[in-house]
Amino acid sequence: FSMHLEEFCDFISECGIADENAEKCTMEHCEAMFESTRTKPKAKKGDEEKGHGAEKGEGKGEKGKKDVVKKKKKNKKEREETTSLHRNSFFEVVLRLAIAKYCTPDGFKKVRTHDVSEAFKIMCEQNIR
């Protein structure tokens, strides 16, 4: 399971989670939470030291070509991981949105609840359904 920003924004809109009148739950806040929660690439030791021969198609015949194909698939997977939310990150951002929407003061300075689990329950019942 993975979700890109466009799909996430569709989800937020369809569920009515973003509230342009709220202090901390506008669509911009939702997008910022997506960006801060999404999977980040892990730097691998020695990546910058590796040669680039296989990338350029150089190498020993078919093996060099296979290396290029593997590298392209690996790069595509890494891009996918760095621009999307995975299952656990999706749950985290939904929980953070529930806190922002129902645990913090809104435009009228009212707090709906101080309990995170209650905020999540309210979001599920009123928004996600």
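Reply: Gladly! Let's begin with F11, which touches I17, F90, V94 and I128, leaving aside residues up to four places away in sequence; contact here means heavy atoms within 4.5 Å. This is a predicted model, where local features need pLDDT of at least 70, side-chain atom pairs count only at pLDDT 80 or more, and totals for chains, interfaces and linings use all residues. Residues are numbered from 1 along each chain as its sequence is written, and side-chain values use heavy atoms, with hydrogens and water left out.

Me: Why is C103 called buried?

Reply: Buried means under 20% relative accessible area, exposed over 50%, and partly exposed in between (1.4 Å probe, protein chains only). C103 has 15% relative accessibility, so it counts as buried.

Me: And what makes C124 buried, exposed or partly exposed?

Reply: Its relative accessibility is 29%, so C124 counts as partly exposed.

Me: Which residues touch the most other members of the largest nonpolar core?

Reply: Those are F8, F11, I12, I17, C30, L97 and M123, out of 25 residues in that core. Such a core is a set of buried Ala, Val, Leu, Ile, Met, Phe, Trp, Tyr and Cys residues joined through side-chain atoms within 4.5 Å.
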